[in-house]
Amino acid sequence: MRGTAQGTAPVPLSVLDLLTVGAGNTATDALRTAGDIARTAERRGYHRYWVAEHHSMPGVASSSPAVILAHLAAQTESIRLGSGGVMLPNHAPLVIAEQFGTLEAMAPGRVDLGLGRAPGTDGATAAALRRTDRLNEGADDFPQQLAELIRFLDDDFPDGHPYARIHAVPGPVQATSPGGVQSAHRPPVWLLGSSGFSARLAAQLGLPFAFAHHFSAQNTIPALDLYREHFRPSAVLDEPYALIGVGALASDTEAEARRQVLAGALSMIRLRTGRPGLVPTPEEAESHPYSMVEEDFVESWLGNVVHGTPDAVRQGLDDLAKRTGANELMITANAHGGAARLRSYELIADAYGLPGGD
């Protein structure tokens with residue numbers, strides 16, 4: 001579970017891929033880029049590669065993390081693959097246990113199951129996913145859903161429980177069948193969050209914690225402090241382990257980096273004002289007639305994205321690791337084109353002297 005820092009990086013570096021779809025591109029292009037990034041990340045010594053669950057967003061092609069991870073498991077050999085995350089209230093715990101048990105069978109010992117309690121979309125889409133309009137109930141029931149999922153993963157419902165005779169397959173039950181052999185692994189569970197709720201729950205259960213610094217930067221340090229303060233050692237972890245998602249993009253010049261991240265900022269403006277679409281091109285973002293409110297949003301948004309030359313990004317990531325005390329940095333590059341995102345991961349790896357460079 002714990003990574004090892006490579007090169008001169010202060011902590012292990014990982015990748016969070018949102019599988020963005022830029023204007024003029026298709027979901028096929030995004031999935032092809034995902035494969036390119038995953039293989040590059042593996043070659044360059046990034047520790048893990050995660051994808052996040054989003055729905056009803058034209059500019060994001062990651063509605064089915066398990067399917068995408070299966071696609072990437074066939075293209076990689078050593079990098080950890082996982083969800084950052086699966087939104088647990090959208091799914092039956094048994095289904096998630098089966099999906100990630102299958103992924104574990106495909107890529108033994110390198111699958112992470114990151115879980116969130118947000119819908120990953122708007123309320124109407126969440127209702128369509130869950131077949132109910134009682135959305136708050138799903139979030140409120142998150143601890144119970146989590147406990148049920150872990151019992152399916154471990155196949156340890158107590159006698160008399162309604163699910164005691166139900167088994168997630170692939171899973172531990174296969175070892176108890178005649179001739180069965182127990183798998184040496186099961187996907188470790190991570191809790192994801194952008195506030196204090198999941199931080200406290202991860203601490204109480206002794207689970208690793210991933211915080212969404214890339215869109216909730218003001219809550220990062222309070223949530224990490226809460227996690228560390230309340231952490232209880234468990235069979236999974238003897239001390240806290242927290243990673244943070246970081247928006248970062250490196251280019252050969254500062255000007256080009258700003259062009260690229262400006263496209264991501266305009267995409268977020270449209271999403272947050274109810275107009276989700278494909279990620280605009282840098283040219284469209286540069287020529288957009290920003291209102292004063294939009295200009296304020298852009299400056300605030302870009303202030304939380306580490307961007308610039310490779311040296312500037314390295315310094316920004318070093319400062320962030322020191323300021324937060326995070327055990328791992330998971331970098332997400334939100335830009336229009338796959339080439340810019342792929343180039344950024346290479347440049348960051350070069351800046352830290354990670355293995356696998358030219």
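## Helix 14 and the residue after it

In this predicted model, helix 14 is followed by Gly353, a residue whose phi is positive, near 65°. The helix itself covers residues 338-351, and at 1.5 Å a residue its 14 residues should span 20 Å, which agrees with end C-alpha atoms that lie 20 Å apart.

## Burial of helix 14

Because ten of its 14 residues are buried, helix 14 is largely enclosed by the rest of the structure. The buried positions are Gly338, Ala340, Arg341, Ser344, Tyr345, Glu346, Leu347, Ile348, Ala349 and Ala351, where buried denotes under 20% relative accessible area.

The surroundings of these buried residues include both strands and helices: they pack against strand 1 (13-17), strand 7 (242-250) and strand 9 (328-332), and also against helix 1 (27-44), helix 10 (254-272) and helix 13 (310-324).

## Packing of helices 8 and 9

Elsewhere in the chain, helix 8 (residues 196-205) packs with helix 9 (residues 220-230) at an angle of about 20°, and their axes are 8 Å apart. Since angles under 35 degrees count as roughly parallel, helix 8 and helix 9 are therefore roughly parallel to each other, and helix 8 passes helix 9 in a right-handed crossing.

On the helix 8 side, the contact is formed by Gly196, Ala199, Arg200, Ala202, Ala203 and Gln204, which meet Ala223, Leu226, Tyr227 and His230 in helix 9. By residue class, this contact of helix 8 with helix 9 divides into six nonpolar, three polar and one charged residue.

Definitions and conventions
Residues are numbered from 1 along each chain as its sequence is written. This is a predicted model: local features need pLDDT of at least 70, side-chain atom pairs count only at pLDDT 80 or more; totals for chains, interfaces and linings use all residues. Side-chain values use heavy atoms; hydrogens and water are left out. Axes are lines fitted to C-alpha atoms, for helices over the stretch in contact, and angles run from 0 to 180 degrees between N-to-C directions. Helices (H or I, at least four residues) and strands (E, at least two) are DSSP runs, numbered from the N terminus. Angles under 35 degrees count as roughly parallel, over 145 as roughly antiparallel, 65 to 115 as roughly perpendicular and the rest as oblique. A crossing is left-handed if the near helix is turned anticlockwise from the far one by less than a right angle, and right-handed if clockwise. Contact means heavy atoms within 4.5 Å. Ala, Val, Leu, Ile, Met, Phe, Trp, Tyr, Cys and Pro count as nonpolar, Asp, Glu, Lys and Arg as charged, and the others, Gly among them, as polar. The expected span of a helix is 1.5 Å times one less than its number of residues. Buried means under 20% relative accessible area, exposed over 50%, partly exposed in between (1.4 Å probe, protein chains only).
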